[in-house]
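The sequence and the model are shown next.

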Amino acid sequence: MHMVIYALVEASTYDDALATGKSVFDRLVGADPHAGAVFDYYVTFDEEDTSVAGKARWGELPTAAPVDSDDGQDLLERGWEATKEEFERNLDRVKEAINELSDEEIMRDEDLARHAFHKVGAYDGPTIFLYTEHGTSIRHRGQLDRLLEESEELWIVPADVHF
């Protein structure tokens with residue numbers, strides 16, 4: 001499956017932002033020897049030689065944009081809304097499981113209940129759409145707001161990832 005994720009990186013130029021974003025995505029696919037693979041591979045939106053990912057799948061997206069630009073705000077909103085919606089969807093599944101299933105049924109993963117529990121608690125992967133320049137996930141609004149307040153030259157870099 002494919003999804004678009006976003007790296008929020010400190011950079012003074014477009015080229016620096018793209019390079020830093022790619023290093024984040026390298027970590028998330030396990031290209032960094034000190035990081036485990038969270039996704040199978042990624043394609044950034046500057047790549048033209050693929051027919052199944054990136055622009056070919058999602059259309060034109062900015063390759064990198066300052067967060068305070070219109071494009072940057074649009075990408076940031078897309079990433080945050082996707083994170084929030086995925087969390088809420090899985091949290092609803094967890095609440096339903098707790099209310100409707102016995103402990104034994106949950107233990108057996110009836111209706112994928114335990115899977116939903118796992119997704120609610122995930123620190124990375126398909127339920128998280130925003131990442132810092134260190135490859136750590138942005139899981140709640142306070143964390144995102146803190147990053148936005150503390151950063152001086154923040155860029156956002158999207159990538160199509162496969163998982």
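The chain has six helices and five strands, where helices (H or I, at least four residues) and strands (E, at least two) are DSSP runs numbered from the N terminus. Along the sequence these elements follow the pattern β-α-β-α-β-α-α-α-β-α-β. The radius of gyration is 17 Å, close to the 15 Å that the globule rule gives for 163 residues, so the chain is as compact as a globular protein of that length. That radius is taken over C-alpha atoms, and the globule rule is 2.2 Å times the number of residues to the power 0.38.

This is a predicted model, in which local features need pLDDT of at least 70 and side-chain atom pairs count only at pLDDT 80 or more, while totals for chains, interfaces and linings use all residues. Residues are numbered from 1 along each chain as its sequence is written, and side-chain values use heavy atoms, with hydrogens and water left out.

Taken along the principal axes, the box filled by the C-alpha atoms is roughly 55 × 35 × 30 Å. Of the 163 residues in the chain, 40% are buried; buried means under 20% relative accessible area, exposed over 50%, and partly exposed in between (1.4 Å probe, protein chains only). Arginine 114 belongs to helix α5 and is partly exposed at 43% relative accessible area.

Most residues other than glycine have a negative phi. Aspartate 109 has a positive phi of about 70 degrees although it is not a glycine. Aspartate 109 sits in the loop between α4 (103-107) and α5 (113-121), and its relative accessible area of 26% makes it partly exposed. Leucine 112 is found in the loop between α4 and α5 and has a positive phi near 55 degrees. Leucine 112 counts as partly exposed, at 46% relative accessibility.

Side chains of opposite charge can pair when their charged atoms come close. A salt bridge here is a side-chain nitrogen of Lys or Arg within 4 Å of a carboxyl oxygen of Asp or Glu. By this rule the count is nine salt bridges, including those in the table.

| Salt bridge | N to O distance |
|---|---|
| Lysine 55 and glutamate 48 | 2.7 Å |
| Glutamate 81 and lysine 84 | 3.6 Å |
| Arginine 108 and glutamate 104 | 3.9 Å |

Glutamate 104 is partly exposed, with a relative accessible area of 45%. Salt bridges that share partners join Glu48, Lys55 and Glu60 into one network. Within it, glutamate 48 is exposed at 60% relative accessible area. Glutamate 81 and lysine 84 both lie in helix α3, three residues apart, about one turn of the helix. Their relative accessible areas make both partly exposed: 29% for glutamate 81 and 31% for lysine 84.

Glu85, Glu88, Asp92, Glu96, Glu100 and Asp111 form a negative surface patch. Such patches are made of residues with over 30% relative accessible area and no salt bridge, like charges being joined within 9 Å. Asp and Glu count as negative, and the place of a charge is taken as CG of Asp or CD of Glu. One member, aspartate 92, lies in helix α3 (residues 70-100).

Key: Patch = residues over 30% accessible without salt bridge, like charges linked within 9 Å, V, L, I, M, F, W, Y side chains within 5 Å. Areas by Shrake-Rupley, 256 points an atom, 1.4 Å probe, with all protein chains shown as cover.
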